[in-house]
Every structure is written in C-alpha cells, then in structure tokens.
Amino acid sequence: MQSQVVAVSTLLFFCILIYTLIWISIQVKWISFQAFNNPERNSDSFWNGGEKFKGNLLTGNVVNTPSLNLSPEKTTKGASELKHPIDVTPFPIIYKDKFTKMPSWDFEDVYMQSSEARRPVCSVSHQNSKDKEFQKAAMWNIQLWFHNGHLDMNEWNRLAHFNNPFGFMEYNYMDIKKAVDLIPKPIYNQLLPVPSDSPDGCIRCAVVGTGGILNGSRMGKEIDSHNYVFRVNGAVTKGFENDVGNKTSVYVHTSFSLSQSLLNLESYGFERIPQDEGIKYVMIPEGLRDFEWLEGLLLNKTLTYGSYKGYRPNTYYSDRLQKDSLYVLHPDFLRYVRNRFLPSKSLEKSYWHSYRPTNGAFTLFLALHTCDIVDVYGYITADYSKYANNYFEQTKKNSVVFYIDRDYELEMKTWKKLHDAGIINLYQRQEQ
C-alpha cells in the first residue's frame with residue numbers, strides 16, 4: 001500500500017514539473033507582448049512635440065518578436081508584404097477590465113505601412129509643411145485601408161492587444177476574419193485622383209461636419225467649389241444647400257451612425273445617405289457590428305444574426321456601390337490618429353477603453369492623407385456655445401454635450417492648432 005502511495009506521489013510530482021516547464025515556455029514565447037498596467041507612454045504626440053517618435057517607425061521594429069515581421073518590402077501589387085511563419089497559435093484573449101488605464105505595449109506605436117502612399121506634386125500641399133511638430137507626428141505612408149490579405153493569425157495576435165476600433169481586444173478571430181476576407185483590395189489605393197483640370201496638381205477638399213456654426217453661414221457655394229467634399233454621419237443637405245452645399249464626394253460612417261442618422265433625422269429630410277455619381281463610401285470599423293454589417297453588405301444578403309439581424313445593408317447605399325467605391329479604414333490608421341494627434345487624458349482613467357476620437361476627427365485626418373489643401377467647416381470651435389449642436393436644428397436647446405467617450409475639448413484645441421499652423425483652414429464664424 002505504501003509503495004502505491006509513493007508511486008502515485010512520484011507520478012504527480014513529474015506531472016506538475018512538466019506542466020510548469022510548459023507554462024514557462026509559453027510565457028517566454030509571448031514575453032514581447034507583455035503589457036504594463038501603469039506605464040509612462042512610450043511615444044509622444046503632436047501635442048508634446050513628438051520628440052520621442054522613433055524616426056518613421058518602420059514596420060518590423062518590434063522588440064523580441066521574430067515571428068512578428070511586418071516587412072516594408074514591396075510586393076508586385078504595391079502593398080506591404082506580411083511575412084509570417086505558418087505555425088502560429090492564437091494569443092489568449094485580453095480583457096479590457098484587467099487594466100485600470102490604457103495598457104502600453106512595446107509595439108504600441110508600430111503601424112502597417114504602404115508602399116503606395118501618395119506623393120503630391122502640389123507645391124503648397126500641407127505634406128510640405130514646415131511645421132516640424134506636425135511633420136514629426138505625421139506618417140504619410142500609413143496604411144489607410146483594411147482588406148483581404150491583411151489578417152492572418154500573426155496579425156491577429158498583434159491587433160488583439162488593442163481595444164476597438166484600434167484593434168480586436170476581447171474578440172474572436174473567426175468572427176472578424178470571415179468579414180475581412182470579403183473586403184476587396186481597393187482598385188485605386190489613392191482615394192481621390194488629382195483633377196484633370198487642376199493647373200497646379202493640387203487636390204482641394206472641403207470637410208463638412210454637422211456643427212450648428214454653419215446654420216445661416218451661407219458657405220454652401222464655397223464648399224461645393226472644392227474639387228472634393230467629405231461628409232460624415234447625418235449629412236443633411238436638402239433644404240440647407242445655401243449653408244452646407246449639396247455635393248458629396250466621400251461619405252464617412254460607421255454602420256451605427258449610418259442607420260441611426262436615417263432613423264433620427266428623417267424629420268430633417270435625411271431620407272438616404274449621399275449617392276452622388278462617383279461617390280466613395282468609407283467605413284470606420286468601430287466594432288464587431290461593423291464587421292457583421294460588412295459581411296451582409298459584401299455578400300448582398302439579409303443578416304440573420306448579430307446587431308443587425310433582419311437588416312440588408314445593400315439597401316442603404318447607392319446602386320453604384322462597386323468594388324472601387326467601398327473603402328474600410330485600417331485599425332492601425334485609427335490608432336495612429338489617436339496616439340499621435342488626439343491622445344486624450346481619458347486614456348489614463350478606468351474608462352480608457354470607452355474613449356475614441358469622433359467620426360469627424362477620423363474624417364479630417366483621412367482628408368489630410370488624401371488631399372493637398374483642406375478646408376474644414378462645421379467643426380467645433382471655441383465659441384460653440386453660441387450655436388445649436390447641428391446646423392439643421394433651429395434652436396440651441398440641443399447644445400453640445402461633452403460625453404466621456406469623446407474629447408470635444410481636445411478636438412477643438414487640435415483643430416485650432418492645425419489651423420494656426422496652416423495645416424488646415426478652419427471655418428470660424430465672424431459675427432457682424
């Protein structure tokens with residue numbers, strides 16, 4: 001009997017020893033993905049001079065992760081090639097509530113880059129700005145678009161460390177991948193071409209928000225005079241043409257902002273999203289529901305599950321919706337905008353995961369990476385309290401509310417700073 005006890009004890013000892021060795025091996029394998037719960041930020045931002053940025057942060061600079069290699073080499077199609085080993089296992093799911101502030105990773109400020117980045121010929125392009133602080137923060141070769149071929153297990157393991165919409169923390173691989181694999185690679189990486197009649201090769205764009213500052217502004221003709229016009233969310237134009245114009249070249253949205261704008265703004269005449277000839281639709285993949293929406297949209301089917309069960313996304317877009325008119329922003333671009341230009345103090349709070357820049361903010365930075373001259377209308381300014389929340393509202397009863405998941409004050413200061421630096425021209429109403 002005693003010998004049996006000794007044998008069992010010996011067996012248990014060796015089982016525990018083997019388990020411990022395996023666990024240590026796993027820990028060593030993933031040590032480069034270690035997070036620190038109370039870190040100092042590893043990189044600086046546009047607001048602090050950007051002095052800590054490490055050059056252009058070329059992909060492939062991840063410390064201690066030989067399996068994570070975002071190669072800057074060009075492929076025949078021009079996109080950055082992802083060279084990954086075949087045998088990669090999924091990283092354990094990371095949960096937001098495990099962190100009291102935004103976690104910092106050693107590859108937090110590493111982004112996928114594109115060899116197809118636009119090189120402007122316009123001599124007065126803001127890409128040629130002499131503002132050192134802005135140029136230090138800007139990455140003109142940042143990968144803008146998310147599409148098939150961009151998500152394998154290795155990339156998933158990288159992006160799984162960032163909360164939505166900057167990555168896929170708490171999500172499951174196949175829930176996202178099945179939608180991403182449907183997204184076609186854009187036929188044209190450059191969202192908007194240089195107009196054929198442009199004498200100086202410059203692309204002039206207007207970015208139009210919904211701020212009440214535009215009500216009575218009579219800026220419509222000026223807005224429509226631009227080569228291209230970006231609009232976002234509830235882009236009501238009917239009945240407000242004198243103030244906001246009626247031309248739309250790029251419509252930026254999430255599935256939620258699109259569906260809810262149509263529902264909530266019907267009384268203001270917003271019966272359908274813009275459907276101009278040649279329009280580009282750009283989606284911000286905000287969360288799982290957006291990938292569900294994309295699956296329904298790209299398969300042209302009615303959704304039978306998820307947040308949009310019973311919806312048929314195709315019915316919300318123009319009949320002209322084709323592969324060359326649908327673009328999806330890459331999570332790296334969204335994270336780059338947050339980290340380098342709009343790093344809110346909310347990221348140091350327990351509700352860090354709730355914060356993200358507004359759709360309007362992402363739209364403005366998309367325009368900066370697409371156009372040479374950017375004029376901005378209907379965005380928040382220091383005198384916002386004088387106006388209604390939206391230009392299609394007639395009173396100030398719905399004045400701007402500052403929610404914790406958005407940092408309007410930071411955005412307001414950023415737009416003014418970009419304006420003062422000559423990067424954008426911000427419409428600031430001068431009352432007579």
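## Burial of Cys 122 and Cys 202

Cys 122 and Cys 202 are both buried, a term for residues under 20% relative accessible area, where over 50% is exposed and the range in between is partly exposed (1.4 Å probe, protein chains only). The model is predicted, so local features need pLDDT of at least 70 and side-chain atom pairs count only at pLDDT 80 or more, while totals for chains, interfaces and linings use all residues. Residues are numbered from 1 along each chain as its sequence is written, and side-chain values use heavy atoms, with hydrogens and water left out.

## The link between Cys 122 and Cys 202

A disulfide is a covalent bond between the sulfur atoms of two cysteines. Here the term is applied to cysteine sulfur atoms within 2.5 Å. Cys 122 and Cys 202 form such a pair, with 2.0 Å between their sulfur atoms. The torsion about their S-S bond is about 80 degrees, so this disulfide is right-handed.

Helices (H or I, at least four residues) and strands (E, at least two) are DSSP runs, numbered from the N terminus.

## The link between Cys 205 and Cys 371

Cys 205 is joined to Cys 371 by a disulfide, with an S to S distance of 2.1 Å. This link is left-handed, with -85 degrees about the S-S bond. Cys 205 lies in strand β3 and Cys 371 in the loop between α10 (359–368) and β8 (373–377), 166 residues apart.

Cys 205 is buried because its relative accessibility is 0%. Cys 371 is also buried, with a relative accessible area of 0%.

## Overall pairing

The count comes to two disulfides. With the bonded cysteines of the protein numbered in sequence order, the pairing is 1-2, 3-4.
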